[in-house]
Amino acid sequence: MANFAVTVDDAGIAVVVFDVPGRSMNTLTADVVRELGELVARLASDDAINGAVFTSGKSSGFCAGADLGELGGGFDGDAGGEAEKRALFDASYTLNKLFRSLEMCGKPVAAALNGLALGGGLELALACHYRVVADGAKIQLGLPEAKVGLLPGAGGTQRLPRLVGAMKALPLLLEGKSLSPQEALALGVVHEVVPVERVVAVAKEWIAAKGDAVAPWDKKDFKIPGGGPYTPATTQVFVMGNAMVRKQSFGNYPAQLNIMKCVYEGLQVPIDAALRIESRYFARTAGTPQARGMIRTLFLSMDQLGKGASRPQGFAKSDAKQVAVLGAGMMGAGIAYVQAMSGIETVLIDTTQEGADKGKEYSRKLTDKAVKRGKMTQEKAEALLALIHPTTDYGLIAGSDLVVEAVFEDRGLKADVTRRAEAELAENSVFGSNTSTLPITGLAEVSVRPDKFIGIHFFSPVDRMGLVEIIVGAQTSQETVARAIDYVLKIRKTPIVVNDSRGFYTSRCFGTFVQEGLEMLVEGIAPAIIDNVGRATGMPRGPLEMNDDVALDLSYKVREQARKDLGDAYHGGPVDALIAKMVTELGRLGRKNGRGFYDYAPDGTKKLWPGLADLAPVTVTEADAALIEEIRTRLLYRQAVEAARCMAENVTTNPREADVGAILGWGFAPWTGGPISLIDGVGVGKFVTICDRLAERYGARFAPPQLLRDMAARGESFYGVAKAVAA
Ligand code: NAI
């Protein structure tokens, strides 16, 4: 066998070492599953074997679960039929039968988990009769399927609740949170926690001491811990659980709903029938556009981009050792911190020493907190802070591999600091601007080396936001793009690469969500309806709340700038008048001064500002199902059609980056897998028809770009085309 090595000792105990060749981590590939079948048959029939211990040959862990690459590989947006559901059922049920035959092989089987066991990896362990896990701070045990829109389909939804009860199992299944070895022991998910070098020996000792080869649920007197679904306590768990799932997911996530149903139904029947129920729900869940989109974007694409998939080929890998940050304000301070976290010598420049020191203070606050919480040692914190050099001296830029400019959003000022920094920079170092709105090609006009000038757009707060949008100006070289990506990967962020455009990609599309909410407001829809439905679409907040958070004066400035830049081509309308009045006459700037669309109390709570009704009289105070659906469609489709325009205009060059950028950058409803996955999931033709209707009713902002019409005529999907191009 290629993936398993079996040795049988004198006592007849087989040690099975799981080790998929050529991979850093074990996953349950089709090949592994086939060999596992042979292995289980041998365990059951070979009289020389008295029991077995499963362990892994990888130091990285035991097994990370199903191969999502295999599962997600076939997804190109046009599946969903009966044949596919059948195949998904078979994939799950094959594993369920296999793990069940291991559990029923008649001989004691132990899992010696020398590292992480996630998803199918933990499900395999749960089908063993005994579980020993290594003691290690980084070891995780869990069923994270729900995080990518799936449900555990190899017994996890049935064995875990039978082991620990529905009340304790449901949160783990619904949230996909993993457990440390100690937590798993306390819950009863594993039997022993021992030093890593002892896991196999301890598992063998259990077998030698006549380990029980019958699973608890196969014993006559078995009772589900806490009781079955019809006992009063567990009934409550499901009643409350359903309400909570509804509250958190707004019905957008089929995985969570199906996990509830699957556990509820499965616990009422014997385990064999329960596993069949699970496989049916698995197929029903994995075949949804939501699961397809989430697996692809949140798992596969994130992974690929995190490994540099968008990096231009043919340039030696660069390693930024010293980076200068211009401007020690909110963004510059955050950038300095993430750089120092990755060991980069950081020159942090501001106009006054006090300002620069204040920027470094931000890192001190974060490290102090981390030390207090036991997440960082004092030495590491000191070493990190020693890497940040606050100064006003541009001369210290010399020797930097890269500069990140984060001064005020002002063209003249940015031009000035560009000239001053370039005077100190070595020939081949890169200049990156963290501008959020000013086109890169324009900023590069003052540069003496525009081929090395690029946009490196961070998100706030920098230490928590995972995305960096790299903006390629008209003269930016491919080598500069490669070096900017190397830098972003070094600070452990996910890069997407976009071409220059007003608002680039993320701000441009995010702006449409807020704008659509404001359009509804001036149409007379009650603000509470707009924000409630906005949240129910799966966006982190409603459009009006979001606008308050971003700051209304910033909105006002961006609108004024666009009016200046675009001249007659700019259409302001009543929304602009509303924002102008809020900011310039009423001083309502948003959350930052406690007054925006909402009034903010000192304790952090907020209430809609009653005066808003005078500026935008309300005519729609109640929303029926049809209106809710219409608002939902407008909010999501307005963003998606903008994302499609970015694809049509070559601002984004592939669906993967557009989808990852949307979810990480502005919190686009994750259940969709991103705006491009949303379009593919609906079907391009149907999406165009809906947008045409919306454009007729609400305006040209919904008009689909020609690209979508052409794709619809050819029956294409974005991911289908991307796949064909790659092949
Ligand atoms: P900020 O106002 O907090 O910081 C700007 C800093 O630049 C101030 O500390 C200021 O003293 C300093 N500065 C001004 N002139 C300077 C000079 N000649 N040399 C060195 N430093 C100088 O502004 P913030 O929010 O950090 O924004 C900075 C840049 O980042 C802007 O271009 C902004 O558009 C962009 N950005 C902001 C985001 C945000 O959420 N605030 C998100 C992404 C980008």
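Me: Which residues are linked with Arg100 in a network of salt bridges?
Reply: Glu103, Arg159, Asp218 and Asp272 are linked with Arg100 in that network. A salt bridge here is a side-chain nitrogen of Lys or Arg within 4 Å of a carboxyl oxygen of Asp or Glu. The model is predicted: local features need pLDDT of at least 70, side-chain atom pairs count only at pLDDT 80 or more, and totals for chains, interfaces and linings use all residues. Residues are numbered from 1 along each chain as its sequence is written, and side-chain values use heavy atoms, with hydrogens and water left out.

Me: How many salt bridges does the structure hold?
Reply: The structure holds 48 salt bridges.

Me: What does Lys58 form a salt bridge with?
Reply: The partner of Lys58 is Asp19, and their closest N and O atoms are 2.5 Å apart.

Me: Is Lys58 buried or exposed?
Reply: Lys58 counts as buried because its relative accessibility is 9%. Buried means under 20% relative accessible area, exposed over 50%, and partly exposed in between (1.4 Å probe, protein chains only). Asp19, at 30%, counts as partly exposed.

Me: And where do Arg697 and Glu630 lie?
Reply: Arg697 is in helix H28 (residues 684–698) and Glu630 in helix H25 (residues 625–648), 67 residues apart, and the pair links distant parts of the chain. Their side chains meet in a salt bridge of 3.8 Å, N to O. Arg697 is exposed at 58% relative accessibility, whereas Glu630 is buried at 13%.

Me: What about Glu716, which residue does its side chain meet in a salt bridge?
Reply: The side chain of Glu716 meets that of Arg714, at 2.9 Å from N to O. Glu716 is partly exposed, with a relative accessible area of 26%, and Arg714 is exposed at 54%.

Me: Changing topic: which residues form a nonpolar patch on the surface?
Reply: Val550, Leu554 and Val558 form this patch, with about 210 Å² of accessible area together. Accessible areas come from the Shrake-Rupley method with a 1.4 Å probe, and for residues only the protein chains shown count as cover. Patches are made of residues with over 30% relative accessible area and no salt bridge; like charges are joined within 9 Å, nonpolar side chains (Val, Leu, Ile, Met, Phe, Trp, Tyr) within 5 Å.

Me: Where does Leu554 lie?
Reply: Leu554 lies in helix H22 (residues 552–566). Leu554 is partly exposed, with a relative accessible area of 41%.

Me: What are the bounds of the domains?
Reply: Domain 1 covers 4–287, domain 2 covers 322–504 and domain 3 covers 514–622. These bounds come from an automatic or database domain assignment. The centres of domain 1 and domain 3, taken over C-alpha atoms, are separated by 48 Å.

Me: Back to burial: is Ala616 buried or exposed?
Reply: Ala616 is buried, with a relative accessible area of 5%. Ala616 lies in the loop between helix H24 (612–615) and H25. Its C-alpha atom is separated by 16 Å from that of Val514, 102 residues apart along the chain.

Notes. Helices (H or I, at least four residues) and strands (E, at least two) are DSSP runs, numbered from the N terminus.
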